[in-house]
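Here is a briefing on a predicted model. Keep the sequence and the 3D view open while reading.

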2 protein chains.
Amino acid sequence: MQTNLSATDLKILKQLQSDASLTAAELASRVGLSQSPCWRRVNKLLEEGYIQKRVALLNAEKLGMDVVVFCSVNLSAHGRQSLEEFEQAVAQLPEVIECYTMTGTMDYMLKIVTRDIRHYEKFVRTFLAQMPGIQEIHSNIAVTAIKNTTALPLDTQL
Amino acid sequence: MQTNLSATDLKILKQLQSDASLTAAELASRVGLSQSPCWRRVNKLLEEGYIQKRVALLNAEKLGMDVVVFCSVNLSAHGRQSLEEFEQAVAQLPEVIECYTMTGTMDYMLKIVTRDIRHYEKFVRTFLAQMPGIQEIHSNIAVTAIKNTTALPLDTQL
DNA sequence: GCTGAAACCGATAGGAA
DNA sequence: TTCCTATCGGTTTCAGC
């Protein structure tokens, strides 16, 4: 880690990435600080960009959005143009929650969320398969979420 | 969608899943409501579990945690016991951000975040490969994040 | 149901140790 | 640095529409 964060800062980040609705007082007591210095540190972490934003995590199941698909994509023409077009187009699609370029045999890995499998099918046909330069699409459909967090492993021991 | 959410509720959810640090007044004005009813709706959405929690999203890169790996796993013994052991063990590992059971040829898909590829290698050897009943591990390493959001596609048109 | 206002409580900043 | 305190603003409630 090329970062210069104190142990206290790390504690604060750990708390906030598991619950950002804590009051300053509660957070302070959990990290063993009093309010003011704690609040100051939080602000610094915000300013310096360690904390990107605070969001609400919704219950996908209750909202009827519980189909998760990991979708690997290969493009046919590997020219620059084609890649950027694809990336821009994909970033616009709300169903695409995540998209990464990959090493190995696949060009992109997409995590897609839709209402049900029919919708996924329709989504692929209507949007994904229409995109510029697509050669192969491979869909891996998730059944049950065993774990699903947004918290980074700050307490890793490796 | 088997849910009975009004258009206003959906607007509220959309706002909060992109920014949960909005004040009640600001949120109210964005969804075209005044504070009180807006606040009431937010509370109801919390109580009913549509909003699960509010978290801080951290800057993985600044924290030196920018290796993302999608890892598919197959277990050897497909008895109940083996599955639950694996799931419980995996849920404990902070490096495992997400874990899903899958249809198709792989048993599990894991999304893993570590500091660098060396750490990933070490993580796989130390923890993953030691787990009960593992047969195959296939690691797909992400290079660049094109898109990475936690927002569900509430405005999907399909 | 929504609006507006009032009361309360927590967040913020400044000053003292 | 941290702690303490005062002020300010947001949240929450309640009465009226």
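Buried means under 20% relative accessible area, exposed means over 50%, and partly exposed lies in between (1.4 Å probe, protein chains only). By that rule B:L57 is buried, with a relative accessible area of 13%.

This is a predicted model, where local features need pLDDT of at least 70, side-chain atom pairs count only at pLDDT 80 or more, and totals for chains, interfaces and linings use all residues. Residues are numbered from 1 along each chain as its sequence is written, chains are lettered from A and ligands numbered from 1 in the order in which they are written, and side-chain values use heavy atoms, with hydrogens and water left out.

**How the two copies are related**

- B:L57 sits in strand β1 (residues 51–58) of chain B. Helices (H or I, at least four residues) and strands (E, at least two) are DSSP runs, numbered from the N terminus.
- Neighbours within four places in sequence aside, B:L57 is in contact (heavy atoms within 4.5 Å) with A:Y50, A:I51, A:Q52, A:K53, A:V55, A:T150 and B:T150.
- B:L57 and B:L45 are twelve residues apart in sequence, and their C-alpha atoms are 21 Å apart in space.

**DNA strand C**

- A residue is near a strand if one of its heavy atoms lies within 4 Å of it.
- From chain A, DNA strand C is surrounded by A:T23, A:A24, A:Q35, A:S36 and A:W39. From chain B, the residues around DNA strand C are B:S34, B:S36, B:P37, B:R40 and B:R41.
- Sugar and phosphate make up 65% of the atoms of DNA strand C that come within 4 Å of the protein.
- Polar contacts are pairs of N or O atoms within 3.5 Å; within protein, one must be able to donate a hydrogen and the other to accept it, and residues adjacent in sequence count only if both atoms are side-chain atoms.
- Two side chains of chain B reach phosphate oxygens of DNA strand C: B:S34 at 2.5 Å and B:R41 at 3.3 Å.
- The side chain of B:S36 has an N or O atom 2.5 Å from a base oxygen of DNA strand C.
- Two elements give two or more residues to the surface near DNA strand C: α3 (35–47) of chain A and α3 (35–47) of chain B.
- α3(B) provides the largest share of that surface, four residues.
- By class, the surface near DNA strand C has three nonpolar, five polar and two charged residues. Ala, Val, Leu, Ile, Met, Phe, Trp, Tyr, Cys and Pro count as nonpolar, Asp, Glu, Lys and Arg as charged, and the others, Gly among them, as polar.

**DNA strand D**

- DNA strand D is surrounded by A:S34, A:S36, A:P37, A:R40 and A:R41, along with B:T23, B:A24, B:Q35, B:S36 and B:W39.
- Of the atoms of DNA strand D within 4 Å of the protein, 65% are sugar or phosphate, and the rest belong to bases.
- The side chain of A:S34 has an N or O atom 2.3 Å from a phosphate oxygen of DNA strand D.
- A:S36 places a polar side-chain atom 2.4 Å from a base nitrogen of DNA strand D.
- The side chain of B:S36 has an N or O atom 3.2 Å from a base oxygen of DNA strand D.
- α3(A) gives the most to the surface near DNA strand D, with four residues.

**Two loop residues in chain A**

- A:G32 lies in the loop between α2 (24–31) and α3 of chain A. A:G32 is exposed, with a relative accessible area of 60%.
- A:D107 is in the loop between β3 (96–102) and β4 (108–114) of chain A. A:D107 is buried, at 17% relative accessible area.
- The side chain of A:D107 reaches the backbone nitrogen of A:L75 at 2.8 Å.
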